[in-house]
Amino acid sequence: TVRRYLASQKKLDDYIQNQLTQDNDVFVRRNLAENPNINEVTQLKLLHDEDFLVKIIIAGNSYLSETLQLKIMQDSSLRSSLARNPNIDLNIILELTQESNINIRRDLVEYHDLDDFILLKFLEEDNSLKSRVIEKENLTENVQLKLFDLADYSSDRSNLAKKSYISEII
């Protein structure tokens, strides 16, 4: 429909954005939630949408304000979507690293360039994250060595060797 197309447009008047947040067609609201150019008021309205997928989509929108990111952190059902968002604020990333939910930690490892301190902490606390960390590009020497120490199987060490200088050790 025209409204679905309109919801995806780069330049949308604030009044139009507001009207689209109230549209009966859930696909209009989903398209609007994906739009990186919507204002913070529209983002907030979509965060309170009755359709859960609209909420998930808005949590993954790469252009969320820090205020909205903080509001999303209050909803445990949306934290994983926020962790997959490549443009979240560093304070939000640090707060998400405290999550006990392993899926959120996996998403952080996969979607963000985390400091060594965080990666090493994750590897110490949960060995199941090593396969995600191995897939990262540009691992530092400290992280590579920790992964090598944790590698149980030759396939882990082989995967690590493909990514690093450690192939000399194997």
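Predicted model: local features only at pLDDT ≥ 70, side-chain atom pairs only at ≥ 80, totals over all residues.
1. At the start of helix 3, a side-chain oxygen of Asp 25 comes to within 2.9 Å of the backbone nitrogen of Phe 27.

2. As to the overall make-up, the protein chain contains 13 helices and zero strands. Of its 170 residues, 44% are buried. Among the contacts that join residues at least 6 apart in sequence, 37% are between residues at least 24 apart.

3. Asn 39 is placed in the loop between helix 3 and helix 4, and, with a relative accessibility of 22%, it counts as partly exposed. When neighbours within four places in sequence are left aside, Asn 39 is in contact with Asp 14 and Gln 17. The side chains of Asn 39 and Asp 14 make a polar contact at 2.8 Å. Asn 39 is also 21 residues from Asn 18 in sequence, and the two C-alpha atoms are 9.7 Å apart in space.

4. Arg 79 belongs to helix 7 and counts as buried at 19% relative accessibility, because the limit for that class is under 20%. Not counting residues up to four places away in sequence, Arg 79 touches Ile 72, Met 73, Gln 74, Leu 96, Glu 99 and Ile 104.

5. Charged pairs deserve a separate point, and a search of the whole structure finds nine salt bridges. One of them joins the side chains of Arg 84 and Asp 107, with an N to O distance of 3.0 Å. Here distant parts of the chain are linked, since Arg 84 sits in the loop between helix 7 (79–83) and helix 8 (90–96), while Asp 107 sits in helix 9 (residues 102–111), 23 residues apart. The two partners can be set side by side in their accessibility: Arg 84 is partly exposed, with a relative accessible area of 32%, whereas Asp 107 counts as buried at 9%.

6. A salt bridge is also formed by Asp 113 and Lys 136, whose closest N and O atoms are 3.7 Å apart. This pair, too, links distant parts of the chain, with Asp 113 in the loop between helix 9 and helix 10 (116–125) and Lys 136 in the loop between helix 11 (130–134) and helix 12 (141–150), 23 residues apart. Asp 113 is exposed, with a relative accessible area of 73%, whereas Lys 136 is buried, at 12%. A reader checking this pair may wish to recall that the cut-off for a salt bridge is 4 Å, and that the distance here is 3.7 Å.

7. Lys 146 and Glu 124 form a further salt bridge, in which the closest N and O atoms are 2.4 Å apart. Lys 146 lies in helix 12 and Glu 124 in helix 10, so the pair ties together parts that are 22 residues apart in sequence. Glu 124 is exposed, with a relative accessible area of 55%.

8. How do helix 9 and helix 10 meet, and which residues in them are involved? The axes of the two helices come within 12 Å and cross at roughly 145°, and helix 9 passes helix 10 in a left-handed crossing. On the side of helix 9 the residues are Arg 105, Leu 108 and Val 109, and these meet Leu 119, Lys 121, Phe 122 and Glu 125 in helix 10. By type, the residues of this contact divide into four nonpolar, no polar and three charged.

9. A last point concerns the backbone of Asn 138, where phi is near 55°, a positive value in a residue other than glycine. Asn 138 lies in the loop between helix 11 and helix 12, and the residue is exposed, with a relative accessible area of 75%. Lys 136, described above as buried, is placed in that loop between helix 11 and helix 12 as well.

Definitions and conventions
Residues numbered from 1 in each chain as written. Heavy atoms only, no water. Helix = DSSP H or I, 4+ residues; strand = E, 2+ residues; numbered from the N terminus. Buried < 20%, exposed > 50% of the residue type's maximum accessible area, 1.4 Å probe, protein only. Axes fitted to C-alpha atoms, helices over the stretch in contact; angles between N-to-C directions. Left-handed = near helix turned anticlockwise from the far one by under 90°. Contact = heavy atoms within 4.5 Å. Nonpolar A, V, L, I, M, F, W, Y, C, P; charged D, E, K, R; others polar. Polar contact = N/O pair within 3.5 Å; in protein donor to acceptor, adjacent residues only side chain to side chain.
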